[in-house]
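Please have the model open as I go.

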Amino acid sequence: MSLAKRSRHGRTAGIPALLLAVLAVTTALAGGPAQAAEPLTLHELAAAQGKYVGSATDNPELSDAPYAAILGSEFGRITPGNSMKWDATEPQQGRFTFERGDAITDFARAHGQGVRGHTLVWHSQLPGWVAALPPEQVESAMTNHIAQVAGHYRGAVEAWDVVNEPFNEDGTFRAGPFLDAMGSDYIATALRAAHAADPDADLYINDYNTDGLGAKSDGMYRLVSELVAEGVPIDGVGFQSHLAVQYGFPEGMRQNLQRFADLGLDVAVTELDVRMQLPADPAKLATQAGYYQRVFEACLAVTRCEGVTVWDYTDKYSWVPGAFPGQGAATLYDENLLPKPVYGTVRTALGGDDGGGGGPGTLKAQYRTQDQATGDNQIKPVLNLVNTGDTPVDLSTVTVRYWFSGEAGAASYTTWCDWSPLGCGTVTHRVVAADTPKAGADHHLDVGFTGGTLAPGAATGDIQLRLNKTDWSNFDEADDYSRGTGTSYTDAPKIAVHIGGALAWGIEP
Ligand code: XIL
């Protein structure tokens, strides 16, 4: 990963330009990769193929500067996760509030991004007063809401999710105040009202579990076929794509998108995330990466697929853990705003490199113990790093983390490298206390290298490490996060490897 890229992500923001220049020269002298042009962003990679890549966002997140820097650079469209919904824009009848939505369109304008407006008519996040209206007043309340909100944002949004989630799983219409008052005609009425309020916006119907072929997407297909035949203003169909590794990939996604495109409509993936039951493990993460890849490939394969929006790009702000307890790890960036290996997968699907030479995903950690006792005064991990990629890895950019708990006693540690074919002189080691201590992981042994290169397919061989507290009090290793009991090497997903600051292997506690 180039320094320039990390700089755009705000992670080298504190490093003075002169030092960056020195680092770049040092890399060149060391025979490292030439400092080529900045890698393209996800959105730039997609734009080269006539698509966009977008992200949902929400107002409180915009004050998180490192978050906002990535949102503003890596994505070409944004969708407000909440602030244009009915409960946000018209909490009481006739009292409209646009401040939070305006903050989203202001951000987009400042960063040259488009906006997907979300959403005008939806059964959820609908203030109670709407459902309490007498049925004969619901239509005028709906058309007034659309006129005011879509009218206010005219010129500032590219596309509106006019109607959100109108279907049941069996493809029938979902009950709610609008269906009750107007029958399914409410959808055509809403689209006409949106067209009147903003004739230039692309008008979408959006739903979930319609990504693949099936009863629910057949319902959507019947509806939009009729709307098109009747000349109702509709431009596109949105496929939310809230996927989960435990439910399988939606069958026939590409064919499904194509049949809607064949009606003369645009299609878009509007809310992509791929969740899993926590804790994540390498098998689930591999399945997830495959799903992301297939979604992007489906959109690339369908000419009328406009783009893919992820439902926020980082686990730091994903809605998944709140909505699906026990699930998470659903997005492209981790909670520290570092790109995960799946980010590289998406880059590759978009025809780019995986994020930079020697970038994420090219090293794995293996572990064995040479100390079966859990209650003595030393911890003795043995590590082996393997280059699983096809480019050499500069070991000076690599750090390894082995988490353990220090228990009571001295807060200071001594660390040792006992033996390594690399030469212990090139191995750096220290203990780092966790910012947010977790059970079994309130400290980690941080291992780095002063130099050296690991060729594709090569392994470091044993790195025999040892640590003790300076007061030589005992540990209780039984609950240590990274500890294993095997005396021969196995892959160690609970030991993390970072390359150039980005997580390349393992799951942090
Ligand atoms: C979610 C938001 O992300 C959450 O912050 C909020 O609490 C609930 O709604 N389908 C949609 C989105 O169309 O509007 C939902 O957004 C996620 C599911």
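The C-alpha centres of domain 1 and domain 2 lie 42 Å apart, where domain 1 covers 39–349 and domain 2 covers 363–505, with bounds that come from an automatic or database domain assignment. This is a predicted model, in which local features need pLDDT of at least 70 and side-chain atom pairs count only at pLDDT 80 or more, while totals for chains, interfaces and linings use all residues. Residues are numbered from 1 along each chain as its sequence is written, and side-chain values use heavy atoms, with hydrogens and water left out.

Four residues of domain 1 are in contact with six residues of domain 2, contact meaning heavy atoms within 4.5 Å. About 380 Å² is buried between domain 1 and domain 2, with carbon and sulfur atoms giving 70% of that area; buried area here is the accessible area (1.4 Å probe) that two parts lose on being put together, summed over both. In domain 1, Pro 282, Leu 338 and Pro 341 lose the most area to domain 2, together 70% of what that side buries.

Between domain 1 and domain 2 there are zero salt bridges (a side-chain nitrogen of Lys or Arg within 4 Å of a carboxyl oxygen of Asp or Glu).

Turning to the rings, the structure holds 21 aromatic pairs, that is, rings of Phe, Tyr and Trp (its six-membered ring) with centres within 6.5 Å, called stacked with planes under 30 degrees apart, edge-to-face over 60 and tilted for the rest. Phe 96 and Phe 98 are stacked, because their ring centres are 6.0 Å apart and their planes at 15 degrees.
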